[in-house]
Amino acid sequence: MGLTTVSENVYWVGAVDWNIRWFHGYTYYTRRGTTYNAYLIRDEKVALVDTVYTPFAGELLDSIRKVVSLSDLDYLVINHIELDHAGSLAEVLKAAPQARVYCSPKAAEGLRKYFPECRELNLVKTGDSLSLGRYTLRFIEAPMLHWPDSMFTYLEEQEILLPNDAFGQHLASTARFDDQVDGAILMDEAARYYANILWPFSSLVLKKMAELEQMAIPVKIIAPSHGVIWRGNPGAILDAYRRWASGEAGPLAVVAYDSMWGSTEKMAHAILEGLVAGGAEAKLFKIPLSDRNDIIKELLDARVLLVGSSTVNNGYLPTVAALLDDLVGLRPVNRIGVAFGSYGWGGGAVKRIEEKLREARFEVAEPGLGIKWAPAEGEIEACLALGKRVAERISGLKGSPP
Ligand code: FEO
């Protein structure tokens, strides 16, 4: 896609990856592709902030050449060592061996392992700055947002925050700015990104945002390393991050299940009916037919997750296991979990789901519901009643933690 001017002397020199469909191994379905954003700042000194994923190194170098000669590149700031951002470091240094590399102290070990050819690193901490002439780069370490080495760079005179992965979205587009894309799709992808990548670090997100407020740095533009740049309304993504990180949720319940012969499915639909009858908002996902990242994104707004599985080999189905394992890693806060499912000669799924929900820090506030073979009429009533009880539990919520 070439070059885009972000503001005077600041250029997007990244790459659009239209075709990527799986990210972080096979954990994140990037249905709308992604971008790898790198930013070139031209002043008396020239700085490149971040690179792009290795296969796109040629595009990066071509875009830089449209602004300056590679022999004029003075500084290369690596905000984050993960290879979707640092992956072209070797190629940049090959083309611009004079460039001095800057990174956080926690980035040094990983950067040297990934790129043994990068011998000289200039380590910068929060509060350190680098003058480009008229402009100043200020560095703000952001450990665990989302790797230990993560760092934000702030272009002081232009009030542009370059926070790398934070505030990003996996969204390939010909547009580079938030005011050029569909707002609903943008926020949906930003929410998927937060839920599936940053959720475990919510307390650190809140601390970092408070730190930024204390620093009282004005932010006119937020230019993350994935997706579009927030220039029209950067406050929208800051507000959303505050809300997501605080654990707020509304009166929404998510029912997610898999079923061998339809009995757990009947239970899921009856529970859904009970939830709605009790006044809750509810969404239902059959796990093997759904995008797991979407289910997780819905949990950003849902106070309750009801997980259902038929019992197999005294436990839950492997499709359900994948969702539960994701949740253990994501550790959502202020969430209630409920288990249900059918079984034959011996139950086991409900107990195992409850164990896993507790491991994922859910409050298991309702006893799980297991039904032998197939739900009889009275047992369907029990499913309806469970849905209603859960609805009562979350009724009146208006987005505040308990
Ligand atoms: Fe987009 Fe942590 O890499």
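This is a predicted model: local features need pLDDT of at least 70, side-chain atom pairs count only at pLDDT 80 or more; totals for chains, interfaces and linings use all residues.
I'll start with the pockets. The largest has a volume of about 330 Å³. Sorted by class, the lining of the largest pocket holds 11 polar residues and six nonpolar ones, with no charged residues.

Next, the second largest pocket. About 230 Å³ of space lies in this pocket. It is lined by 13 residues, and Leu93, Pro97, Ala99, Glu117 and Arg119 are the closest to its centre. Both α3 (89-95) and β10 (100-103) supply at least two lining residues, and α3 has the largest share, with three. Here the lining divides into five charged, two polar and six nonpolar residues.

Now the strand, which is β14, residues 151-155. How many of its five residues are buried? Five of the five are. In general, side chains in a regular strand alternate between the two faces of the sheet. In β14, Met151, Thr153 and Leu155 point one way, while Phe152 and Tyr154 point the other way.

What does β14 pair with? On one side of the account is β13, residues 136-141, antiparallel to β14 over five bridges; within this pairing, Phe139 has Thr153 as its bridge partner. Strand β15, residues 160-162, also runs antiparallel to β14, joined by three bridges, and Leu161 in β15 stands opposite Tyr154. The hairpin of β14 and β15 has four residues between the strands, and there Glu159 takes a positive phi near 55°.

Definitions and conventions: Residues are numbered from 1 along each chain as its sequence is written. Side-chain values use heavy atoms; hydrogens and water are left out. On a 1 Å grid over the protein atoms alone, a cavity is a set of points where a 1.4 Å probe fits but cannot get out, and a pocket is an open set with protein on both sides within 12 Å along at least five of seven lines; lining residues have an atom within 4 Å of a point. Grid points are joined across faces, edges and corners, and a volume is the space filled by probe spheres set on the points. Ala, Val, Leu, Ile, Met, Phe, Trp, Tyr, Cys and Pro count as nonpolar, Asp, Glu, Lys and Arg as charged, and the others, Gly among them, as polar. Buried means under 20% relative accessible area, exposed over 50%, partly exposed in between (1.4 Å probe, protein chains only). Two strands pair if DSSP finds at least two bridges between them.
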